[in-house]
Amino acid sequence: MKTTVELPDDLYRRAKSEAALRGHKLKDLVEEGLRLVLASRPGPPTKPSLAQLMKGACGVVDSGISDLASNPEHLAGFGRDARRNR
């Protein structure tokens, strides 16, 4: 596809010179530059995970129990136990 691009004179001269040094046409240099810029662009921003969103809330509530994972009473119904008790 053909298009018209307006460039400052000094940029045009530098690009034309670089293309000639490489043995290419100006259009080839422009195409290469556009492809490089578009390929290096980061993808769309990803949504933060639940863990990232809740990071600031960790430890906010004091349950009175130092570590729930160390008390089997609080783990009843979780993990392997949950599958056995169905």
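Colleague: What is the mean pLDDT of the protein?
Modeller: This is a predicted model. The mean pLDDT is 83, and 87% of the residues reach 70 or more.

Colleague: Where is confidence lowest, and where highest?
Modeller: Helix H5, residues 80-84, is lowest, at a mean of 62. Helix H1, residues 9-22, is highest, at 96.

Colleague: OK. How many helices and strands in the protein?
Modeller: There are 5 helices and 0 strands. From the N terminus, the order is α-α-α-α-α.

Colleague: And how many of the 86 residues count as buried?
Modeller: 5% of them do.

Colleague: Back to H1. What span should its 14 residues have?
Modeller: At 1.5 Å a residue, H1 should span 20 Å. Its end C-alpha atoms are 20 Å apart, so the two agree.

Colleague: Which residue follows H1?
Modeller: Gly23 does, and its phi is positive, near 75 degrees.

Colleague: At what angle do H1 and H2 pack?
Modeller: About 100 degrees, with the axes 8 Å apart. H2 covers residues 26-40. Angles of 65 to 115 degrees count as roughly perpendicular, so that is how H1 and H2 lie to each other.

Colleague: Which residues make the contact?
Modeller: H1 gives Tyr12, Ala15, Lys16, Glu18, Ala19 and Arg22. From H2 come Leu26, Leu29 and Glu32.

Key:
Residues numbered from 1 in each chain as written. Predicted model: local features only at pLDDT ≥ 70, side-chain atom pairs only at ≥ 80, totals over all residues. Heavy atoms only, no water. pLDDT = per-residue confidence, 0-100. Helix = DSSP H or I, 4+ residues; strand = E, 2+ residues; numbered from the N terminus. Expected span 1.5 Å × (residues − 1). Axes fitted to C-alpha atoms, helices over the stretch in contact; angles between N-to-C directions. Parallel < 35°, antiparallel > 145°, perpendicular 65-115°, else oblique. Contact = heavy atoms within 4.5 Å. Buried < 20%, exposed > 50% of the residue type's maximum accessible area, 1.4 Å probe, protein only.
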